[in-house]
Amino acid sequence: MATAEQRNHARNYLKKAEEYAASAAANLAAGRFTPAAADSIHAGICAKDAIVTVLTGSTRKGTDHATAAKELRRALGARSAAATAERALRELLAAKGDVEYGTNLITGAKAEPLVRRADSLVELATEIVRLGG
C-alpha cells in the first residue's frame, strides 16, 4: 500500500496526465496534429507513472521507455485492464521517435488513435489513483 507521500506523487502524475490529455484534445480539434500526438505520448507516460506509483510506491524514471509498458503491466497484475493498458502505452511509445524526433509532420489519421489511447490510460489512472489503488 502506498504511503501518503507516494499517493501525493501519484496524484501529481495524474494531474500532469490530465493536463497533457486536455492539451492533446485541444490540439487535435485545432488541427495541430503533431503537438496532439506529442501531448498524447506524455499523457500516457504520466498516466503510467500515476498508476505504478499508487500501486507499487514508485515508478522507474529514465530514457529507456521500452520497459515502461512492462512496468505498467506488472503493477496492474491480474486487473482486467492490464493487457489493454500495456498495449496502449506500447503504441504511444512506439510513435515517440517519429513524433518527437522525426522530420515528418503527423497527420490527423495518426494523431487521433494516439489521443484515444492516451485518454484510455488517463481514465484508468484516474480510477486507480482516486480509489487509492
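Gly 44 is found in helix H2, which spans residues 33-56. The structure discussed here is a predicted model, with an average pLDDT of 93 and 95% of the residues scoring at least 70.

Is Gly 44 buried or exposed? Its relative accessibility is 0%, so Gly 44 counts as buried. Leaving aside residues up to four places away in sequence, Gly 44 touches Leu 89, Leu 92, Ala 118 and Leu 121. Gly 44 also lies 8.2 Å from Ala 88, C-alpha to C-alpha, although 44 residues separate the two in sequence.

Leu 89, Leu 92, Ala 118 and Leu 121, the residues touched by Gly 44, turn up again in the contact of H4 with H5. The axes of these two helices come within 9 Å and cross at roughly 135°; H4 and H5 are therefore oblique to each other. The crossing in which H4 passes H5 is left-handed. On the H4 side, the contact is made by Ala 85, Ala 88, Leu 89, Glu 91, Leu 92, Ala 95, Asp 98 and Val 99, while H5 supplies Lys 110, Leu 114, Arg 117, Ala 118, Ser 120, Leu 121 and Leu 124. Sorted by class, the contact of H4 with H5 holds ten nonpolar, one polar and four charged residues.

Helix H4 (residues 82-101) also packs with helix H3 (residues 68-76), the two axes coming within 9 Å and crossing at roughly 165°. At that angle, H3 is roughly antiparallel to H4. Here the crossing is right-handed. From H3, the residues in contact are Ala 68, Ala 69, Lys 70, Leu 72, Arg 73 and Leu 76; they meet Ala 82, Ala 83, Ala 85, Glu 86, Leu 89, Arg 90 and Leu 93 in H4. This contact of H3 with H4 comprises nine nonpolar and four charged residues, with no polar ones.

Glu 86 belongs to helix H4 and, because its relative accessibility is 12%, counts as buried.

The remaining pair brings H5 together with helix H1 (residues 4-29), whose axes come within 10 Å and cross at roughly 155°. This makes H1 roughly antiparallel to H5. H1 passes H5 in a left-handed crossing. H1 takes part through Ala 10, Arg 11, Leu 14, Ala 17, Glu 18, Ala 21, Ala 24 and Leu 28, and H5 through Ala 111, Glu 112, Val 115, Asp 119, Val 122, Ala 125, Thr 126, Val 129 and Arg 130. Eleven nonpolar, one polar and five charged residues make up the contact of H1 with H5.

Helix H1 also contains Glu 5, which at 55% relative accessibility counts as exposed. The C-alpha atoms of Glu 5 and Gly 57 are separated by 9.1 Å, with the two residues 52 apart along the chain.

Conventions: Residues are numbered from 1 along each chain as its sequence is written. This is a predicted model: local features need pLDDT of at least 70, side-chain atom pairs count only at pLDDT 80 or more; totals for chains, interfaces and linings use all residues. Side-chain values use heavy atoms; hydrogens and water are left out. Axes are lines fitted to C-alpha atoms, for helices over the stretch in contact, and angles run from 0 to 180 degrees between N-to-C directions. Helices (H or I, at least four residues) and strands (E, at least two) are DSSP runs, numbered from the N terminus. Angles under 35 degrees count as roughly parallel, over 145 as roughly antiparallel, 65 to 115 as roughly perpendicular and the rest as oblique. A crossing is left-handed if the near helix is turned anticlockwise from the far one by less than a right angle, and right-handed if clockwise. Contact means heavy atoms within 4.5 Å. Ala, Val, Leu, Ile, Met, Phe, Trp, Tyr, Cys and Pro count as nonpolar, Asp, Glu, Lys and Arg as charged, and the others, Gly among them, as polar. Buried means under 20% relative accessible area, exposed over 50%, partly exposed in between (1.4 Å probe, protein chains only). pLDDT is the predictor's confidence in each residue, from 0 to 100.
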